[in-house]
Amino acid sequence: MENSITKLINVKGQLMDLSYPQVMGILNVTPDSFYAGSRKQTETEIAERTLQIVSEGGSIIDVGAYSSRSNAEHISAEEEMSRLRHGLEIVFRECPDAIVSVDTFRADVARMCVEEYGAAIINDIAAGNMDENMFATVARLGVPYIMMHMQGTPQNMQQAPHYDNVLKEVLYYFSEKVQKLRDLGAKDIIIDPGFGFGKTLEHNYELLDKMEEFQIFELPVLVGVSRKSMIYRLLGGGPEDALNGTSVVNTIALMKGADILRVHDVRAASEAVKIVAAMKKLTPVSL
């Protein structure tokens with residue numbers, strides 16, 4: 001299915017064209033993210049990772065300070081803010097014009113990052129379910145909002161995920177959320193099917209197979225499968241062995257309409273985008 005919908009989001013007063021897929025590089029200022037290679041805590045590590053994302057073709061830097069891996073430790077909002085202040089100061093020092101997304105489910109954290117540091121996008125794994133103030137906050141801030149589907153919380157999501165029909169239930173979930181956001185005046189909404197969050201291996205691949213169905217919302221779709229267990233549990237090994245599988249799944253997702261790839265390995269994802277774009281005769285639009 002060809003993606004014929006022109007998808008533009010307003011990022012700090014500039015239009016970002018998502019009809020040509022974009023790459024979001026992950027920068028985790030955490031000690032316990034599931035992929036050890038993504039953990040950056042020292043000033044030097046954060047600075048080097050920032051520059052690496054940009055040099056390898058990433059157009060968005062996604063900064064996270066709360067590990068959302070299965071059974072992750074739940075940290076306080078104060079600890080999350082402290083980690084983010086440390087990270088964002090370094091990111092913007094190294095790349096003052098960077099488009100930064102902040103990976104948080106907390107409204108107060110989101111507001112702090114936007115108002116104090118100029119973060120451009122909020123990326124919420126809980127789609128407002130872990131903070132009832134999140135929808136109103138992002139609507140008031142006027143920033144693009146990525147909302148992900150997750151069954152449960154990071155602490156319990158993989159204990160016994162169950163769906164009668166995973167595709168229908170995820171689509172219905174988003175239909176309700178999109179309407180609530182629009183009622184509050186939110187405009188730039190991006191949806192993330194939530195691969196690996198409260199889903200079995202079979203659920204993940206069923207959603208991947210049916211990804212075209214998410215075009216019904218006429219909204220940008222973000223896919224985050226980078227080095228996740230849906231890849232290495234199928235192929236063997238661990239996260240450190242899952243780069244090739246990640247590239248394969250990212251390519252399938254692009255073929256099925258993904259607009260943003262959230263990844264650890266920016267160069268590999270950028271190459272996948274270029275190949276699929278060449279096949280589909282897509283070119284970036286200068287605005």
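## Helix packing

Helix 3 and helix 4 pack with their axes 9 Å apart and at an angle of about 15°, where axes are lines fitted to C-alpha atoms, for helices over the stretch in contact, and angles run from 0 to 180 degrees between N-to-C directions. Helix 3 and helix 4 are therefore roughly parallel to each other, given that angles under 35 degrees count as roughly parallel, over 145 as roughly antiparallel, 65 to 115 as roughly perpendicular and the rest as oblique. Helix 3 passes helix 4 in a right-handed crossing, a crossing being left-handed if the near helix is turned anticlockwise from the far one by less than a right angle, and right-handed if clockwise. Helices (H or I, at least four residues) and strands (E, at least two) are DSSP runs, numbered from the N terminus.

## Basis of the model

This is a predicted model, in which local features need pLDDT of at least 70 and side-chain atom pairs count only at pLDDT 80 or more, while totals for chains, interfaces and linings use all residues. Residues are numbered from 1 along each chain as its sequence is written, and side-chain values use heavy atoms, with hydrogens and water left out.

## The sheet and its order

Eight strands form an open sheet with parallel pairing, in the order 8-7-6-5-4-3-10-9; two strands pair if DSSP finds at least two bridges between them. At the edges of this sheet stand strand 8 (189-192) and strand 9 (222-223), each of which pairs on one side only. Strands of a sheet pair through backbone hydrogen bonds, either parallel or antiparallel.

Strand 7 and strand 8 pair in the parallel sense over four bridges. In this pairing Met147 stands opposite Ile191, and Met148 stands opposite Asp192. From strand 8, Ile189 and Ile191 point one way and Ile190 and Asp192 the other, and all are buried, buried meaning under 20% relative accessible area, exposed over 50%, and partly exposed in between (1.4 Å probe, protein chains only).

Strand 5 (residues 100-103) pairs with strand 6 in the parallel sense over three bridges, and Val102 has Ile122 as its bridge partner in strand 6.

## Salt bridges

A search of the whole structure finds 14 salt bridges, each being a side-chain nitrogen of Lys or Arg within 4 Å of a carboxyl oxygen of Asp or Glu. Side chains of opposite charge can pair when their charged atoms come close. One of these salt bridges joins Asp62 and Arg262, whose closest N and O atoms are 2.7 Å apart; this pair links distant parts of the chain, with Asp62 in strand 4 (residues 60-64) and Arg262 in strand 10 (residues 260-263), 200 residues apart. Asp62 counts as buried because its relative accessibility is 0%, and Arg262 is buried too, with a relative accessible area of 16%. Arg106 forms a salt bridge with Glu80, the closest N and O atoms being 2.7 Å apart; Arg106 lies in the loop between strand 5 and helix 3, and Glu80 lies in helix 2 (residues 77-94), 26 residues apart. Both Arg106 and Glu80 are buried.

Within helix 3, Asp108 and Arg111 lie three residues apart, about one turn of the helix, and form a salt bridge whose closest N and O atoms are 2.5 Å apart. Asp108 counts as partly exposed at 42% relative accessibility, as does Arg111 at 26%. Elsewhere, salt bridges that share partners join Glu43, Arg93 and Glu94 into one network. Glu43 lies in helix 1 (residues 43-55) and, at 44% relative accessibility, counts as partly exposed. Glu43 and Val91 are 48 residues apart in sequence, and their C-alpha atoms are 9.5 Å apart in space.
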